Amino acid sequence: MSSQVRLRLLPRAKCFYDDPIQVKVAGLRSRQLVTMNARSVDDKGALFRSSATYRSDGNGELDLERDASLGGSYVGVEPMGLLWSMRPDVPHNKFYKSDARKPHFVKFSVHDEEAEGRMLAEEVNERHVMGEGVVRLPVTTGNIRGVLFTPPGEGPFPAVLDLYTFGGGLSERRASLLANRGFVVLALALYGHADLPKNISAIHLDYFEEAIQFLRQQPKVGSKDVGVMSLSKSGDLALSIASYLPNVAATVWINGCNANVSIPTYYKKTLIHPALNADQSKVILTESGAFNVKHALCNPMAEENEATLIRIERATGHFLFVAAEDDLNWDSKAFVEEMEKRLRHHGKENFESVCYPGSGHYLEPPYGPFCPSSFHMLIRQYVLWGGEPRSHAAAEVHLWKKMQEIFRTHLTVDASVTKGKL
């Protein structure tokens with residue numbers, strides 16, 4: 001390495017996972033051509049990396065907030081491009097960050113293009129998923145299995161149920177990051193975690209009703225009602241929860257369906273929605289080795305599938321419908337339009353919608369590697385998720401702020417609610 005070249009991560013090298021950073025280099029030659037690299041290993045040991053070519057200014061300095069990439073994983077001025085453009089060395093790997101206690105480490109380095117890529121400087125970005133003072137509590141109360149995240153301080157705080165449930169196991173990232181921002185969040189498992197069954201053939205809303213009441217009774221929770229956030233298949237589950245269960249004030253539906261997909265849903269031992277299934281003959285193999293499944297799901301608006309449609313007009317809380325316009329899992333934008341139509345037909349205006357052009361199916365907290373394809377747990381194949389990396393990254397930044405805004409607006413916190421709870 002060169003002792004003269006300095007790579008800096010500002011405001012400091014340690015930050016939250018969902019915080020932007022400024023990458024600057026000094027001590028280069030005037031107008032020097034260099035390559036900026038980023039690399040990281042996820043919780044399963046999969047390697048992700050990106051690179052971009054830059055030219056320093058007349059003072060031998062480089063600022064990714066100001067200077068444009070000339071080529072590589074992305075082009076143009078993209079301050080966080082090295083993070084969101086990282087790709088797995090093995091195709092169809094989705095970045096896996098489950099355990100909130102472990103920071104996400106990203107190694108940034110700068111290399112001399114004119115000296116066979118000799119490394120000039122490096123710095124490690126320590127991106128924390130769980131903030132200092134946040135309490136992480138595994139939950140095994142009654143039937144409930146999951147992890148509860150509670151912010152530091154006395155509160156009271158609004159409460160959110162995180163339904164990152166499908167695919168089995170438990171993902172803590174989104175829940176913990178939201179707790180850093182002042183929410184009590186229960187990341188709820190449905191199967192494939194702890195002593196839960198490895199697979200399920202039916203969904204019972206009673207389980208989620210128990211989870212909501214557990215969440216409401218937490219000492220630092222000051223909201224009478226809870227919020228629910230979802231993604232993909234758990235989107236229709238969130239719709240059912242909001243429509244059939246009490247104490248749900250705000251629901252964030254992200255790239256889900258307006259009908260009950262794949263697994264029948266029951267409440268109090270009564271079937272409320274049968275499953276809407278997929279037509280496997282419409283699953284198309286692509287040159288990438290992954291399948292395009294966009295048109296495989298049966299039409300929820302067909303007369304024979306009417307019973308699968310979630311009766312969202314029953315809900316009293318607020319909906320945020322989020323659709324990626326390049327979603328290749330299914331046509332989530334069309335589902336949003338149908339839900340808007342249904343609610344208006346019933347005289348309801350308790351919703352708002354946002355659609356993101358160029359974004360794909362997996363809209364998650366910002367600044368993680370873009371996922372164009374990975375293993376689909378229901379179809380049991382590698383599938384394409386859609387999206388263009390730059391547009392998708394911008395959508396995640398906007399959505400993350402929008403979700404917090406929705407929950408803060410609709411989850412009314414009353415300090416007196418926290419008194420006297422055990």
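Helices (H or I, at least four residues) and strands (E, at least two) are DSSP runs, numbered from the N terminus. This is a predicted model: local features need pLDDT of at least 70, side-chain atom pairs count only at pLDDT 80 or more, and totals for chains, interfaces and linings use all residues. Residues are numbered from 1 along each chain as its sequence is written, and side-chain values use heavy atoms, with hydrogens and water left out.

**Whole chain**

Start with everything shown. The protein has six helices and 25 strands. Its radius of gyration is 23 Å, close to the 22 Å that the globule rule gives for 422 residues, so the protein is as compact as a globular protein of that length. That radius is taken over C-alpha atoms, and the globule rule is 2.2 Å times the number of residues to the power 0.38. Along the principal axes, the C-alpha trace spans about 70 × 55 × 40 Å.

Of the 422 residues, 57% are buried. Buried means under 20% relative accessible area, exposed over 50%, partly exposed in between (1.4 Å probe, protein chains only).

Contacts here mean heavy atoms within 4.5 Å. Among contacts between residues at least 6 apart in sequence, 68% join residues at least 24 apart.

Select residues 22–26. This is strand S3, and four of its five residues are buried. Two strands pair if DSSP finds at least two bridges between them. Pick Leu9 and look across to Val23, its bridge partner in S3.

**Two cis peptide bonds**

Most residues other than glycine have a negative phi, and most peptide bonds are trans. Step to Leu10 and Pro11. The bond between them is cis, with omega near 10°. Pro11 lies in the loop between S1 and strand S2 (14–16).

Then jump to Gly155 and Pro156. Another cis peptide bond sits here, with omega about 5°. Pro156 is in the loop between strand S12 (146–150) and strand S13 (157–162).

**Helix H2**

Select residues 173–180. Eight of the eight residues of helix H2 are buried, so H2 is largely enclosed by the rest of the structure. Among them are Arg173, Arg174 and Asn180. Go just past the helix to Gly182, where phi is positive, about 100°.

**Helix H4 and onward**

Select Ser243, in helix H4 (residues 233–244). Ser243 is buried, with a relative accessible area of 4%. Which residues does Ser243 touch, not counting residues up to four places away in sequence? Show Ile310, Arg311, Ile312, Arg314 and Ala315.

Move on to Asn247, in the loop between H4 and strand S17 (248–254). Its phi is positive, near 65°, in a residue other than glycine. Asn247 is buried at 17% relative accessible area.

Finish at Asn255, in the loop between S17 and strand S18 (265–267). Asn255 is not a glycine, yet its phi is positive, about 50°. Buried or exposed? Asn255 is buried, with a relative accessible area of 0%.
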